[in-house]
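Here is a short briefing for a reader who is new to this structure. Please look it over first, then read on.

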Amino acid sequence: MPKISADTLWELAAAEAQSRESGGGEEEDGGGAVLSDRTVFLMGSKAGGKTSILLRCLDRDEAAKPTLALEYTFGRRARGHNTPKDIAHLWELGGGISLSDLVQIPITPLNIRSLSVILVLDLSKPNALWGTMERLLQTAQTQVEKASSQAQRAGRPRSGAKHQASVHTAARVLPKDYPDRELVNPFPVPLLVIGSKYDIFQEFDSEKRKVVSKTLRFVAHNYAASLIFTSIKSESLMSKTKSFFSHLAFGLDRGKSVSCDSTKPLIIPAGSDSLSQIGPPPTSDVVISSLHARNPLDLWKKVYELAFPPESTSKNTELKDPARDPQYREPQIDAMRAQKDQELEQYKKNAAKSWKGLELES
């Protein structure tokens with residue numbers, strides 16, 4: 001493979017940034033002249049099927065295992081014969097919202113210009129859906145903005161004026177004809193929302209499905225994100241999901257399928273929906289003006305939580321320390337850990353007494 005100079009790499013980075021800003025994300029088959037190197041960060045509901053979906057999108061015939069904290073893998077795609085392969089760096093956050101602080105590892109100033117985010121939400125647990133979605137999106141957005149700011153401050157002293165396009169804010173600039181362009185609040189990097197376990201969700205009452213579907217349509221449109229409902233038990237849905245994934249990971253065409261019918265799996269590429277098509281929040285017994293919402297997103301949250309009250313604090317509290325998670329229980333190790341914890345506490349007490357004694361003597 002021919003050696004690529006540092007200047008050429010920066011030119012490619014600038015071209016990539018401009019391409020992503022324009023909303024295309026596509027690259028030309030330059031016979032190996034262009035090398036794609038992207039990062040995709042997956043997060044979402046605990047045990048929501050993120051790993052299973054990722055393995056299927058990568059065509060890997062492996063049994064999915066629970067994700068411990070944060071895991072990394074990569075995907076490669078050959079664009080043509082005897083040409084460099086496109087590479088996608090893939091990070092997956094486990095534990096739902098409990099380990100959301102780890103977003104600082106996969107979201108950095110170095111990859112912010114080639115980053116995309118996938119949010120996987122478990123449709124079979126609608127009561128936990130909004131809380132998970134809100135917490136993870138807020139945490140990720142904060143880190144993206146922080147990383148973008150750091151990239152701007154750091155700059156590239158040796159890049160010169162012609163490379164300034166590669167150092168810019170992560171804020172996305174939507175096309176002028178984007179629906180409701182002045183009313184939405186785009187997520188700073190490309191975002192895909194996946195509703196998982198549709199096979200279970202489709203058995204829900206039609207009114208409940210309508211509330212979840214309309215709400216996720218609004219949220220996705222508000223963030224200028226794509227939205228798709230899927231199930232690993234459906235080859236057709238997984239094929240469409242893979243197209244969306246490959247669009248983010250390798251810049252491939254995501255297909256032209258669109259479905260906004262709440263009685264069917266939603267398939268809505270970014271820019272294919274509008275507030276007029278989505279309509280108002282699905283309320284029946286409550287007057288919207290009585291909810292005292294701060295903004296449209298807050299209004300949809302209040303309406304959604306009337307239909308699906310969030311889980312109680314005791315149930316929703318997630319453990320920060322995996323050693324205390326019941327699913328990793330090991331009786332012998334746990335007993336030894338408890339003994340050592342007691343010994344540590346006793347040591348701290350004895351040390352405190354010793355310091356008090358020294359203070360009195362002095």
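Where is the place of Ala47? Ala47 sits in the loop between strand 1 and helix 2. The model is a predicted one.

**Loops and positive phi**
- Most residues other than glycine have a negative phi.
- Ala47 has a positive phi, near 55 degrees, and is not a glycine.
- Ala47 counts as exposed because its relative accessible area is 58%, and exposed means over 50%.
- Ala69 also is not a glycine, and its phi is positive at about 60 degrees.
- Ala69 lies in the loop between helix 2 and strand 2.
- With a relative accessible area of 29%, Ala69 is partly exposed.
- Asp59 follows helix 2 and has a positive phi, near 60 degrees.

- Strand 1 and strand 4 run parallel and are joined by six bridges.
- Met43 has Leu119 in strand 4 as its bridge partner.

**Helix 2 and its cover**
- Is helix 2 mostly covered or mostly uncovered? Helix 2 is mostly covered, with six of its eight residues buried.
- The buried residues are Lys50, Thr51, Ile53, Leu54, Leu55 and Cys57.
- Their cover includes strand 1 (37–44), strand 2 (70–78) and strand 3 (85–93).
- Strand 4 (115–122), strand 5 (191–196) and helix 6 are also included in that cover.

**Helix 2 against helix 6**
- Helix 2 (residues 50–57) packs with helix 6 (residues 235–250) at an angle of about 80 degrees.
- The axes of the two helices are 9 Å apart.
- At that angle, helix 2 is roughly perpendicular to helix 6, because 65 to 115 degrees counts as roughly perpendicular.
- From helix 2, the contact involves Ile53, Leu54, Arg56 and Cys57.
- From helix 6, the contact involves Glu235, Met238, Thr241, Lys242 and Phe245.
- By class, this contact of helix 2 with helix 6 has five nonpolar, one polar and three charged residues.

**Ser246 in helix 6**
- Ser246 is part of helix 6.
- Its relative accessibility is 10%, so Ser246 counts as buried, the cut-off being under 20%.
- Leaving out residues up to four places away in sequence, Ser246 touches Gly251 and Leu252.

**Nonpolar cores**
- In soluble globular proteins, nonpolar side chains tend to be buried together.
- The largest nonpolar core here has 47 residues.
- Phe41, Met43, Ile107, Met133, Leu191 and Leu216 have the most contacts inside this core.
- Helix 3 gives the most to this core, with nine residues.
- A second, separate core has 20 residues, among them Ile53, Ala88, Leu90 and Val120.
- Leu191 touches Val117, Leu119, Leu137, Arg172, Tyr223, Ala225 and Ser226, with residues up to four places away in sequence not counted.

Key: Residues are numbered from 1 along each chain as its sequence is written. This is a predicted model: local features need pLDDT of at least 70, side-chain atom pairs count only at pLDDT 80 or more; totals for chains, interfaces and linings use all residues. Side-chain values use heavy atoms; hydrogens and water are left out. Axes are lines fitted to C-alpha atoms, for helices over the stretch in contact, and angles run from 0 to 180 degrees between N-to-C directions. Helices (H or I, at least four residues) and strands (E, at least two) are DSSP runs, numbered from the N terminus. Angles under 35 degrees count as roughly parallel, over 145 as roughly antiparallel, 65 to 115 as roughly perpendicular and the rest as oblique. Contact means heavy atoms within 4.5 Å. Ala, Val, Leu, Ile, Met, Phe, Trp, Tyr, Cys and Pro count as nonpolar, Asp, Glu, Lys and Arg as charged, and the others, Gly among them, as polar. Buried means under 20% relative accessible area, exposed over 50%, partly exposed in between (1.4 Å probe, protein chains only). Two strands pair if DSSP finds at least two bridges between them. A nonpolar core is a set of buried Ala, Val, Leu, Ile, Met, Phe, Trp, Tyr and Cys residues joined through side-chain atoms within 4.5 Å.
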